[in-house]
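Please look over the charged side chains of this protein and how they pair. The report below takes the pairs in turn.

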Amino acid sequence: MTGGKILPLPDLARRCAQLKRQAKKIVLANGCFDLIHVGHVRYLEGARALGDVLVVAVNSDATVRRLKDAGRPLMPESDRARLVAGFECVDFVVLFSQPTVENILRTLQPDVHAKGTDYSEDTVPEKDVVKAYGGRTAIVGDPKDHSTRDLIERILQGNKQ
């Protein structure tokens, strides 16, 4: 069942167009989701609260390797997409390989692009793309005091605090 939430971009674009015709408000969130922690949950729940439909774009393995530390991702993209799709608040998941979600934003034109609190509305790289088609950018989630990098370090140190 959850696997049906994971769609290639062309299929997702058709589905989102149908939902927009039904006056549904679409929100896009994105990230690596390499080792799920409470910050991810709060981010996704906060994003979902901004609209009727939550689409989550998950970075491909290649983009995670470019963005993160050596040895990442910890899990392959198919597993990370499946985990994100398992959240009740998530309606659809799409994988992406570009450095940013600009292509997905241009294709889907969600009403809201939700980013985590490690950004401000002024520092979101795709803010101009969103503004150009009439959408808005929103910052959601709790303060950025959770990170996969820190969690990995704690695990490697035997969870000593």
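## A pair between a helix and a loop

Which side chain meets that of Arg 48 in a salt bridge? In this predicted model, the partner of Arg 48 is Asp 91, with 3.3 Å from N to O. The pair links distant parts of the chain, since Arg 48 belongs to helix α2 whereas Asp 91 sits in the loop between α4 and β3 (92-96), 43 residues apart. Arg 48 is partly exposed, at a relative accessible area of 25%, and Asp 91 is likewise partly exposed, at 24%.

A search of the whole structure finds 5 salt bridges, and one of them joins Arg 72 to Asp 34, whose closest N and O atoms are 2.5 Å apart. Here too distant parts of the chain are linked: Arg 72 lies in the loop between α3 and α4 (77-85), and Asp 34 in the loop between β1 (26-31) and α2 (38-48), 38 residues away. Arg 72 is buried, with a relative accessible area of 8%, and Asp 34 is buried as well, at 1%.

## A pair within one helix

Glu 102 forms a salt bridge with Arg 106, the closest N and O atoms being 3.5 Å apart. Because the two residues are 4 positions apart in helix α5 (residues 102-108), about one helical turn separates Glu 102 from Arg 106. Glu 102 is partly exposed at 25% relative accessibility, and Arg 106 is partly exposed at 48%.

## The surroundings of Asp 61

Asp 61 lies in helix α3 (residues 61-67) and is buried, with a relative accessible area of 17%. Leaving aside residues up to four places away in sequence, Asp 61 touches Pro 73, Met 75, Pro 76, Glu 77 and Arg 80.

Methods: Residues are numbered from 1 along each chain as its sequence is written. This is a predicted model: local features need pLDDT of at least 70, side-chain atom pairs count only at pLDDT 80 or more; totals for chains, interfaces and linings use all residues. Side-chain values use heavy atoms; hydrogens and water are left out. Buried means under 20% relative accessible area, exposed over 50%, partly exposed in between (1.4 Å probe, protein chains only). Contact means heavy atoms within 4.5 Å. A salt bridge is a side-chain nitrogen of Lys or Arg within 4 Å of a carboxyl oxygen of Asp or Glu.
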